Amino acid sequence: MDGAQATDLSELRFRMRTITVGVLTTFVVCAGGLAYLLATPNGPNRAPIAGLFVAAALIGGAVALLAKERIVHSRHRELFFFLWAAGYVAMIAAGVAADGGAKSPFAALFIIPLIAGALSFPLASVLLLGALDILAYASVGLSDEANPGQVPVFAGILAVASLLCAWQARTHDRRRRELSELSRTDPLTGCLNRRGIEDRLEAELNRSQRMGEPLALVILDLDHFKEVNDGEGHAAGDELLRWVVQTTHEPLRAMDSLGRLGGDEFAMVLPGASDAEARGVAERIAKALAERAPVSIGVASFPLHGRSRDELHQHADADLYAAKHGRTPPPASRSEQLSWAAALAQAVDVRMAVEHDHAGMVATYALEIAKRAGCPEWLLAQIPAAAMLHDVGKISVPERILQKRGPLSPEEWEEIRRHPVTGAELVARVDGIAAVVPWIRHSHEHVDGSGYPDGLRGEEIPLLSRILLVADAFDAMTSDRPYRRALSREEAVAELRR
């Protein structure tokens, strides 16, 4: 619950900038290398070496086109950066060997990956890159019998440079951790400051959007803090704020975060907490603080009350204002429910590489089928959210399975067969739409009992689940997927009848 736990968004932004700097450095080095080749046309292997520089520039251009934010948020980002640098080391070694060996001026380029690594790589990556750098140079230099004394000298220089770069990387890591903690910690109370809690909220919101899990934001405001400052002095006010933080921490979990927004206003980020669970936490905190510091509390939850940080703050502020003035906050509207359902559905469509609004089309088809089946209005009102969320459990299925072009293995099928249960469990944690949970769980059951997860047959399957299955199957068959081309509408109808 401190600054060290918050995802360091400034560090991620720095890593994104290093990609840009690395690409620009590549272009400059390649341009300089090509200029040298033009100035020395009689040297050995000019065409192959020029090809290496062009290839390096093309790799840099390809990296520039990649989604930088996705790279730095990936759990494989350090591997990406290391392989990028290692690839350049290999190309430098090939260029040095082609230009005559250890005496080639291109040997100086071995220093550049080390310097780049020292700026942003973790210590382990810098040490490994340094070892690779020395090994690559030695393998080229030892084959050059004309300069036997030069190889150990330059290899020693590379070794010293590697150690210095490793020391610099370690220093950077330590300083970044210290600065991160200082910049995100409130000096008076020791909890997160505004920047720290906002970064934490943004990071947890991104994770909740990817995983389809709920998240709650709780805002707490002391009711009579000004009277304490005016009547007892600022020292008493400061002591009260420290007591509030200490008391508020007690009911929170290790994964929760507490931060001071400013003055007497605090915020809590509760990952995985539904609206009801967050209000339960808020009530316990209010009861614990009532002895010395009565408070007003506002709650907002993702996805029920908003999909962005600003939307959650606005709803929590409105909820707090209503609480402070004794009003009952309004429940989430149907449009709000459909808004977050559409957001989660879009996340699933992206992971499945579906190029059209699959969830929206399923909702359209399902609603029309239900109308023709004579379903009552109250049931029709629930269908859009259920249809949009019918595949939300696929958030837990790896993309390699969702986008696989060939047949699935038995283990991969097991992953797929679990997703309706996962989806139902996720939706069950969201207040206000409990009715759709069984429809989602059984939306992949088949009339003949061959479906999943429970193998229900015929009338055992809820009517709305059967409607969702038909709508989902029809849209899936009539749209392109990574593993096959779309069927015509006639072919899809024939398959449904069969």
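This is a predicted model: local features need pLDDT of at least 70, side-chain atom pairs count only at pLDDT 80 or more; totals for chains, interfaces and linings use all residues.
The structure holds 27 salt bridges. One of them joins the side chains of Glu78 and Arg15, with an N to O distance of 2.9 Å. Glu78 belongs to helix 4 (residues 77-98) and Arg15 to helix 1 (residues 9-39), so this contact ties together parts that are 63 residues apart in sequence. The two partners can also be described by their accessibility. Arg15 has a relative accessibility of 2% and therefore counts as buried, the cut-off for that class being under 20%. Glu78, at 25%, counts as partly exposed.

Another salt bridge pairs Lys324 with Asp223, whose closest N and O atoms are 3.1 Å apart. This pair links distant parts of the chain: Lys324 sits in helix 12 (residues 309-324), while Asp223 is in the loop between strand 1 (215-222) and helix 9 (225-232), 101 residues apart. Lys324 has 34% relative accessibility, so Lys324 counts as partly exposed. Asp223, at 29%, counts as partly exposed.

A further salt bridge lies within one helix. Arg279 and Asp275 are both part of helix 11 (residues 275-289), four residues apart, which is about one turn of the helix. Their closest N and O atoms are 3.2 Å apart. Asp275 counts as buried because its relative accessibility is 12%, whereas Arg279, at 27%, counts as partly exposed.

Salt bridges can also join into a network. Here Arg194, Glu198, Glu202 and Arg309 are linked in this way.

Conventions. Residues are numbered from 1 along each chain as its sequence is written. Side-chain values use heavy atoms; hydrogens and water are left out. A salt bridge is a side-chain nitrogen of Lys or Arg within 4 Å of a carboxyl oxygen of Asp or Glu. Helices (H or I, at least four residues) and strands (E, at least two) are DSSP runs, numbered from the N terminus. Buried means under 20% relative accessible area, exposed over 50%, partly exposed in between (1.4 Å probe, protein chains only).
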